[in-house]
Amino acid sequence: MNEIKQEIKSLSERLGQLEQLHKRSLMSVDADEAHRHSSDLDALNQKINATAASIRTKLSGLSLSRVQDQPQGRKEEKASKLAQTQQRKLGKSFLAVMRQLEDSQNQYKQQLRQQLQRQYL
């Protein structure tokens, strides 16, 4: 579970980096600089997608192992409920970061469209 927490934290940090790259990309006026920012954005998006896929896989693995490991006694039942609560919390945290990512990307696309409209219309 701690590994998943760390990956979610890493994903959140990369989201901040992505937003900074979006800003720099929108402010770039030189074609070479714009191309470099575009390459940086692509590379960071690939890292983000790989991390998100890893988190999804691990969360699914936790779900499957919880279903397979049915509690036998009182202690195990409490531990199972605690693990289930932690898993739900991690899932909600992951979804919140993914929503922020989606919002950031949508905002960037909208700002890019507006910039292109100003330049060509």
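Where is Leu 95 found? Leu 95 sits in helix H3. Please keep in mind that this is a predicted model.

I will stay with Leu 95 for a moment. Is this residue buried or exposed, or something in between? Its relative accessible area is 44%. Buried would require a value under 20% and exposed one over 50%, so Leu 95 counts as partly exposed. Along the chain, Leu 95 and Ile 8 are 87 residues apart, and their C-alpha atoms are separated by 9.7 Å.

That brings us to Ile 8. What does Ile 8 touch, if we leave out residues up to four places away in sequence? The list is Ile 55, Leu 90, Ser 93, Phe 94 and Val 97.

Now the core. The largest nonpolar core holds 19 residues, and those with the most contacts inside it are Ile 8, Leu 11, Ile 55 and Phe 94. Three helices each supply at least two of its residues: H1 (2-27), H2 (31-68) and H3 (74-120). Which helix gives the most? That is H1, with 7 residues. As background, nonpolar side chains in soluble globular proteins tend to be buried together.

Next, the helices themselves. H1 has 26 residues, and the distance from its first C-alpha to its last is 38 Å, close to the 38 Å expected at 1.5 Å a residue. Its buried residues include Ile 4, Ile 8, Leu 11, Leu 15 and Leu 18. Glu 7 and His 22 are also on the buried list for H1. A general point about spacing: an α-helix has 3.6 residues a turn, so residues three or four places apart point the same way.

H3 has 47 residues, which should span 69 Å at 1.5 Å a residue; the end C-alpha atoms are 69 Å apart, so the two values agree. Among the buried residues of H3 are Gln 87, Leu 90, Gly 91, Phe 94, Val 97, Met 98 and Leu 101.

The largest pocket has a volume of about 340 Å³. There are 18 residues lining this pocket, and the closest to its centre are Ser 25, Ser 38, Leu 41, Tyr 108 and Leu 112. H1, H2 and H3 are the elements that give two or more residues to the lining. H2 gives the most here, with 7 residues. By type, the lining divides into 7 nonpolar, 9 polar and 2 charged residues.

Methods
Residues are numbered from 1 along each chain as its sequence is written. This is a predicted model: local features need pLDDT of at least 70, side-chain atom pairs count only at pLDDT 80 or more; totals for chains, interfaces and linings use all residues. Side-chain values use heavy atoms; hydrogens and water are left out. A nonpolar core is a set of buried Ala, Val, Leu, Ile, Met, Phe, Trp, Tyr and Cys residues joined through side-chain atoms within 4.5 Å. Buried means under 20% relative accessible area, exposed over 50%, partly exposed in between (1.4 Å probe, protein chains only). Helices (H or I, at least four residues) and strands (E, at least two) are DSSP runs, numbered from the N terminus. Contact means heavy atoms within 4.5 Å. On a 1 Å grid over the protein atoms alone, a cavity is a set of points where a 1.4 Å probe fits but cannot get out, and a pocket is an open set with protein on both sides within 12 Å along at least five of seven lines; lining residues have an atom within 4 Å of a point. Grid points are joined across faces, edges and corners, and a volume is the space filled by probe spheres set on the points. Ala, Val, Leu, Ile, Met, Phe, Trp, Tyr, Cys and Pro count as nonpolar, Asp, Glu, Lys and Arg as charged, and the others, Gly among them, as polar. The expected span of a helix is 1.5 Å times one less than its number of residues.
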